[in-house]
Amino acid sequence: MFKKISAGWVFAIGLILMFFLDGSISFVFSPELFNFPNSAVPCLTVLWLELTLIFADRKSLHLMFWAAVVGFIFDMYYMGLLGVFVFILPLVIYLSRIIYEALPANFLSGFLVYFIMITLVEGLSCFANVIVGTASVNMADFLVETLAPTLALNLVLFALLYFPVDGLYRAVSR
Amino acid sequence: MQKFFSNRKLVIVIVCLIISGGLMGVSVAIRDKSNTPPVIQQAGNDIVGFADRAVAMPMNGVRHGFVSIKNLLNTYEENERLKSKVNDLTQTKVKDETLTRENKQLKRQLKVGKTLTSYSKINAAVITRSPSSWNSQVVINKGENAGIKKNMPVIAGKGLIGTISEVNKTNSKVVLVSNTAQNSNRFAVQIVSSSNKVVNGIISSYDASKNEITMGNITSKAKIKKGDRVATSGLGGVMPKGIYVGQVSKVSADDYGLAKKVYIKPAANLNDIEIVSVAVRDTGVN
């Protein structure tokens, strides 16, 4: 049944879906996720890119290019501040790719790499917003109230989605 | 120098940083201007907004389900509480109607047209929220085509929740009052104190550690008490008068001890927004 669908299509549809789910989950579960003063931000787009990097054939998908495209739409539609995610997302993919050249790609290494990448995404985007004055957060508050809940949420999502996505890519590449 | 430029990766990084800085600068500059974003960005946002509705609809359906169950469980308690309020409300409503009619007649007699308090509402549904902790923005499904303009106030539930920050053709972004940006929420408000003195001021910042908005630089000597109501004053910009913002929770001296600083607890629940109304001030003489 899956034979006619290529990994590229799965990647593209998943990417679009995860992009919109990021916003929808933030909205639907806002009483829980943005429960004052903590805020846990879902990063399903980053998760999808990372999992694709682990499971799919990296060369044929042009991951960095698509990361930049989805980053640009992210900036435009959600943030209204251009030039942040359009560079952060490809950077994250590039760094993970370097790490996976040295590490075996399994659940544990994926977990650790994802941990580092979420920290990078949140940290850099916060830094960019502070520089241009669209946010005023201090370091301690950011670490405790934003980064910690965000990491917790996203690592749970990673654990939940790792094996299903593995199965999905295996099924289409068979 | 030769070695510096031969390092391809370093050049790429620097070029990326420059482009990134440029783009950020441009978008901040555009945000501060009164007109809408450039046509390309607008078109992009419209297309993405349409696609988002397909994903947002089932998710909102799930939310409706949860909310219904929660409401069902609370019904008894709520009913008891509301019963006591109904009588009071009817009385207020009748009084309100009488006063509105009287006000209209008096205005006609005095040949006063639309004043700052007259506004109409555009109702809109929330599509999505920015997945970001400091950028408290939601996207609503009405835009320029429906008559929405930048900086218009947005009301949900009990009171003001924020202002329009970006207008596209078919959707627009709302910055909630809980946004921490230095230049996002500036609107004129007034407090009517218990001794009937009016204190005017401007919302100056959001205090993230207390979840309260603050109103600074008040030099008036009028006594402001905890619990006094704060509403928009309609001075300057496109905001009408008399939209409820919240209650005063604390009054203190500012950092230099010369003026007062008032902490305001927002009335609306900023995390439970589904349907909002955008208030459009009626201008001109009827």
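This is a predicted model: local features need pLDDT of at least 70, side-chain atom pairs count only at pLDDT 80 or more; totals for chains, interfaces and linings use all residues.
**Entry 1, chain A overall.** I began with the secondary structure of chain A and found 8 helices and 0 strands, which along the sequence read as α-α-α-α-α-α-α-α. I then looked up the radius of gyration of chain A, which is 16 Å and close to the 16 Å that the globule rule gives for 174 residues, so chain A is as compact as a globular protein of that length. For the extents, I noted that the C-alpha trace of chain A spans about 50 × 35 × 30 Å along its principal axes.

I next turned to helix α1 (residues 7–28) and helix α8 (residues 139–173) of chain A, which pack at an angle of about 145° with their axes 9 Å apart. On the α1(A) side I listed A:Ala7, A:Val10, A:Phe11 and A:Met18, and these meet A:Leu161, A:Leu168, A:Tyr169 and A:Val172 of α8(A). Sorting this contact by class, I recorded 8 nonpolar residues, with no polar and no charged ones.

**Entry 3, salt bridges.** Searching the whole structure, I found 3 salt bridges over all chains. One pair that I looked up is A:Asp166 with A:Arg170, whose closest N and O atoms are 3.0 Å apart. Both residues belong to helix α8 of chain A, and because they are 4 residues apart there, about one helical turn separates them. Between chain B and chain A, by contrast, I counted 0 salt bridges.

I asked how many residues each chain gives to the contact. The contact takes 48 residues from chain B and 44 residues from chain A. The area buried between the two chains is about 4100 Å², and carbon and sulfur atoms give 66% of that area.

I recorded that the elements giving two or more residues to the side of chain B that touches chain A are α2 (8–32), α3 (39–110), β1 (119–129) and β2 (137–140) of chain B. The largest share of that side, 12 residues, comes from α3(B). By class, I divided the residues of the chain B side into 19 nonpolar, 20 polar and 9 charged.

Conventions:
Residues are numbered from 1 along each chain as its sequence is written. Chains are lettered from A and ligands numbered from 1 in the order in which they are written. Side-chain values use heavy atoms; hydrogens and water are left out. Contact means heavy atoms within 4.5 Å. Buried area is the accessible area (1.4 Å probe) that two parts lose on being put together, summed over both. A salt bridge is a side-chain nitrogen of Lys or Arg within 4 Å of a carboxyl oxygen of Asp or Glu. Ala, Val, Leu, Ile, Met, Phe, Trp, Tyr, Cys and Pro count as nonpolar, Asp, Glu, Lys and Arg as charged, and the others, Gly among them, as polar. Axes are lines fitted to C-alpha atoms, for helices over the stretch in contact, and angles run from 0 to 180 degrees between N-to-C directions. The radius of gyration is taken over C-alpha atoms; the globule rule is 2.2 Å times the number of residues to the power 0.38.
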